[in-house]
Amino acid sequence: MPEGPVEEILESINLHKSFNRDTPHVVINANRVLSSKVVEGLEIEPQEMPDGVRARLRVARGTKIKQPVHLCFGMLPERGIQQIILDVDIEDEAEVSFMAHCTFPNAVDIQHLMEAEIRVGRNARYSYFERHWHSDEGLVRVVPVARVRLAEGARFSTEFELLKGRVGIIDIDYHTDCLAGSSAEMKARIFGRQDDRIKIKESASLDGEASRAVLVTHIAVRDEATAEINNEIIARAPYSRGHVDCKEIIQGRGVARAVPVVEVQHPKAHVTHEAAIGSVDSKQLQTLMARGLSEDEAVDLIIEGLLG
Amino acid sequence: MTILELRDVSFTANSTGILNGLTMEFWEGYVHAVVGPNGAGKSTLANVIMGLPDYRRHEGDILFEGKSIKSLNVDERARLGITLGWQEPARFEGLKVSQFILASAQEKNKDEVDRVLELVGLEPVRYRNRAVDKTLSGGERKRIELASILAMKPRLVMLDEPDSGVDIEAIERIFEAIAHLKEEGTTVLLITHSARVLEKADHAFLLCSGMLVDKGKTAKILEYFSGKCLPCPHKNVPDLNSGRKTGGKNA
């Protein structure tokens, strides 16, 4: 049995044995900050609210934080709302990567609402990896909203992963404004089952010369799950480049819809998109079955590859 | 000893006979070749033997080690030890080479992945974590598919046009891998219209328009194929008056 809520949260994300509390981190359960650690140049100012936590994160100019900063957002109760409001400043020339885990191991009816304002300074680098751990039962409603502003030469990457347990309802809305020479890469990988509902809207505005954006969404839905992807890149500046990639595998009575929108407002800009929706590719399936895998095993491996 | 036997197998698609009454025996441990011009029915024959979904409705019977496999699905045939290497191997977005190989491997460990990659001439350290996708060339995917077959340790492998899309250096490694399969006791069936590949076989069948025109030692079939089939003006209309249409047991 876990000794306390921190241990229970860490155990639910399989980090209870390996987590080093000397690394920079914040562990939150519902609206309580259970543990935190910062390093020089990293400021985290959490403030508890009735139904969540508001936090200001700042990485000082020129600071390069080598270790990933762990963020654990847990909700151990069976029911309730957790609102996370983040105000993030990555100052000029700074570098940081966040490893976020959102876990709801006992969920019956949980809402996890995240709202982030993120500013990445000149030539700064910011990467954010977010993995969700949901239970196989119960309903979790996840609504992350982020507004990102990239200064000249900034690099921003975010990756959202929800592969294990029920998705429940997820509604992602991320937007990034890119100034000259900056780059944004936003990825989402989600596996929906039963009656899960997946909605993703990612957009990037290439406002500065030679800015770049890549939006990648890989989704699998089975049973009666549905997915709706609306990704958009608008290129307004010369030499800006963008690419939208959306791939969805459907099985059973799953339904998937993808609407890639690309808009180019400058003759020297270039944006491409690709979208593929359908069942598992028959040649892939036949190849694996010709090696002795059953149809179900082959489908699982193909999906694992797409989402992995 | 016969490992695979076809008894009067015919296959029709869109009212056109693709395979017409094929009776063939494949001896265990041999490298066989099925040779013929484009459209002769060679790949269809491999797909019918593998039991691919669109090729299950055929006449006649197929016996593996004396038992009919006609009612078996692809994976059931594979679990008996039958497999197929495609002319154009599939791409798997995101799936690592090591995952792909381990999926079929008898021995599921990293050493086995490295062993089979080395056998096809690919450096494990460079390839095991790459994805089996469009970032690999056709020749690299072909060799990775062959590596997965080596890891499977099949009883019978059919390789459809093993030299297609492969450079000179890679084709030598593929020939070495075929020799390795034979050393391991695997029966190999090469589907080809290339004299260079045909030379690697111990025994060959000549197909034209879905009919078995001739069979026998490779040198004999190669001579006929190079001398008559390649320059033949009636593509896939066999000259049945030549006395070469046999359809009987192996010569």
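Two residues are in contact here if their C-beta atoms, placed from the backbone, lie within 7 Å. The views below come from a predicted model.

**View 1. Arg130(B) and the residues it touches.** Leaving aside residues up to four places away in sequence, Arg130(B) touches Lys96(B), Val97(B), Thr135(B) and Leu136(B). Look for Arg130(B) in the loop that runs between helix 5 (124-127) and strand 8 (131-132) of chain B. Arg130(B) counts as partly exposed because 15 other C-beta atoms lie within 10 Å, and the partly exposed class sits between 12 or fewer for exposed and 20 or more for buried. Gln99(B) is 31 residues away from Arg130(B) along the chain, and their C-alpha atoms are separated by 9.9 Å.

**View 2. Helix 3 and helix 6 of chain B, crossing.** Two packed helices are described by the angle between their axes and the distance between the axes. For helix 3 (residues 97-104) and helix 6 (residues 138-152) of chain B, the axes come within 7 Å and cross at roughly 35°. The crossing of these two chain B helices is right-handed. Helix 3 of chain B brings Val97(B), Phe100(B), Ile101(B) and Ser104(B) to the contact, while helix 6 of chain B brings Ile144(B), Ala147(B), Ser148(B), Ala151(B) and Met152(B). Sort the residues of this contact by class and you get seven nonpolar, two polar and no charged. Val97(B) turns up here as part of the helix 3 side, and Val97(B) is also one of the residues that Arg130(B) touches.

**View 3. Where chain A meets chain B.** Here 18 residues of chain A are in contact with 19 residues of chain B. On the chain A side, helix 2 (282-289) and helix 3 (295-307) are the elements that give two or more residues. Helix 2 of chain A has the largest share of that side, with six residues. What is the chain A side made of, by class? Seven of its residues are nonpolar, seven are polar and four are charged.

**View 4. Ala210(A), a loop residue with positive phi.** Ala210(A) sits in the loop between strand 14 (197-206) and strand 15 (212-221) of chain A. Its phi is near 60°, a positive value in a residue other than glycine. Is Ala210(A) buried or partly exposed? Ala210(A) is partly exposed, since 19 other C-beta atoms lie within 10 Å and buried would take 20 or more.

**View 5. Ser15(B), a loop residue of chain B.** The loop between strand 1 (2-13) and strand 2 (16-27) of chain B holds Ser15(B). Phi of Ser15(B) is near 65°, again positive in a residue other than glycine. With 5 other C-beta atoms within 10 Å, Ser15(B) is exposed.

Methods: Residues numbered from 1 in each chain as written. Chains lettered and ligands numbered in written order. Predicted model: local features only at pLDDT ≥ 70, side-chain atom pairs only at ≥ 80, totals over all residues. Helix = DSSP H or I, 4+ residues; strand = E, 2+ residues; numbered from the N terminus. Nonpolar A, V, L, I, M, F, W, Y, C, P; charged D, E, K, R; others polar. Axes fitted to C-alpha atoms, helices over the stretch in contact; angles between N-to-C directions. Left-handed = near helix turned anticlockwise from the far one by under 90°.
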